[in-house]
Amino acid sequence: MSRNNTPTAPASPENSGAETRIALALTMFWLLASALYVFGVPGALTQITTNILTLMIAFIAMFFPVIVIWTVAYVSNALRGMRAETNVLRSSMDQIRTVLADRPAEDESRNVKMQEQLNEIAALTQQTDKRLNELATSALISPPEPVGPRTDAAALAEKQHEDDDFSQTSLPLQTPSGPERMPITVSEFIKALNFPDNAEDKEGFRVLRRAFEERELGKLLQASQDVLTLLSQDGIYMDDLTPDKPLPAVWRRFASGQRGLTVSALGGIRDRSALTLAKTRLKNDPVFRDAAHHFLRKFDQILIEFEQTAEDHELLEMSQTRTARAFMLLGRVAGSFD
């Protein structure tokens, strides 16, 4: 697309100085004419100086036109400059409109890409639900296996004990019953809250499937997926937000039930556009409002449970996930931290 709207140059010094030269010439002409009258007309100087009132009137008559001349010159010069700036501003606005006209296609492409990723996550969620139903059905209809000297549960417990370390603490979340179900680890929990980065993130999808097997965590992830999809419709993406990093102590205070100034750092989203769009939709869209409040409640429940065993660095890592950023954004516009 061609762009022929070039900004108009401001008034040149020659043009802006024309008023000054004219005003200077008129001033000199008027002062010279006044001097010729005072000193050239016989008795004029004596008549002026004999009375103080006459002298004041003479000074006013001499200098008032000079004041008027320079006032007109100043106003004319200011108008010329304002006109030039208006032309530049108009041209700049035309260029901005041209640039914005080129952006819808880019935004549409980005929306399509995000929607594809969310659709993949939704498909995996359905597969996980189907797998859980099958596991539950088989558990109900299958007869119990005889207990040998070494059960699978014992072997899994031993393996978990061998693999367990400081960074792989398991979460005390509710899980489906079954002897072969291993609790999700803290690192997997945090990775699941961030969702897969792209379609090639196999590890991210593996962790997400495991996370959806956790009953309460799966509900949170589903709620997070819903609000992320709705926010993307307004062009709000968590990767574009760079919130302030709340200290772990702030997260702990919020989990313990404190509100107000002590936890206000959780609303550290500074993107005015995202805040305005989210607040407007929260006010006017009942579907978005219900999804947002449901998500905030689920995140609050999981945070209370996670904070009890989480280390400070784990709380910091959690706060950088896409789910936590959505919580900070929606929590601020919904007043959850007040």
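The questions and answers below go through a predicted model of one chain.

Two notes on the source come before them. Residues are numbered from 1 along each chain as its sequence is written. Local features need pLDDT of at least 70 and side-chain atom pairs count only at pLDDT 80 or more, while totals for chains, interfaces and linings use all residues, and side-chain values use heavy atoms, with hydrogens and water left out.

Trainee: How many helices and strands are in the chain?

Mentor: Helices (H or I, at least four residues) and strands (E, at least two) are DSSP runs, numbered from the N terminus. Read from that end, the elements run α-α-α-α-α-α-α-α-α-α-α-α-α. The count is 13 helices and zero strands.

Trainee: What percentage of the 338 residues count as buried?

Mentor: Buried means under 20% relative accessible area, exposed over 50%, and partly exposed in between, with a 1.4 Å probe and protein chains only. Of the 338 residues, the buried ones make up 32%.

Trainee: Is Arg 281 buried or partly exposed?

Mentor: Arg 281 lies in helix H10. Beyond residues up to four places away in sequence, Arg 281 touches Leu 230, Gln 233, Asp 234 and Phe 288, where contact means heavy atoms within 4.5 Å. Because its relative accessibility is 15%, Arg 281 counts as buried.

Trainee: Why does Trp 70 count as partly exposed?

Mentor: Trp 70 is found in helix H4, residues 52-141. Trp 70 counts as partly exposed because its relative accessibility is 34%.

Trainee: Which helix gives the most to the positive patch?

Mentor: The patch of positive charge on the surface gathers Arg 272, Lys 279, Lys 283 and Arg 332. Lys and Arg count as positive, Asp and Glu as negative, with His and the chain ends not counted, and a charge is placed at NZ of Lys, CZ of Arg, CG of Asp or CD of Glu. With three residues, the helix that gives the most is H10, residues 272-284.

Trainee: Where is Arg 332 found?

Mentor: Arg 332 belongs to the positive patch. At 30% relative accessibility, Arg 332 counts as partly exposed. Its place is in residues 322-334, helix H13.

How values were computed:
Patch = residues over 30% accessible without salt bridge, like charges linked within 9 Å, V, L, I, M, F, W, Y side chains within 5 Å. Areas by Shrake-Rupley, 256 points an atom, 1.4 Å probe, with all protein chains shown as cover. Salt bridge = Lys/Arg side-chain N within 4 Å of Asp/Glu carboxyl O.
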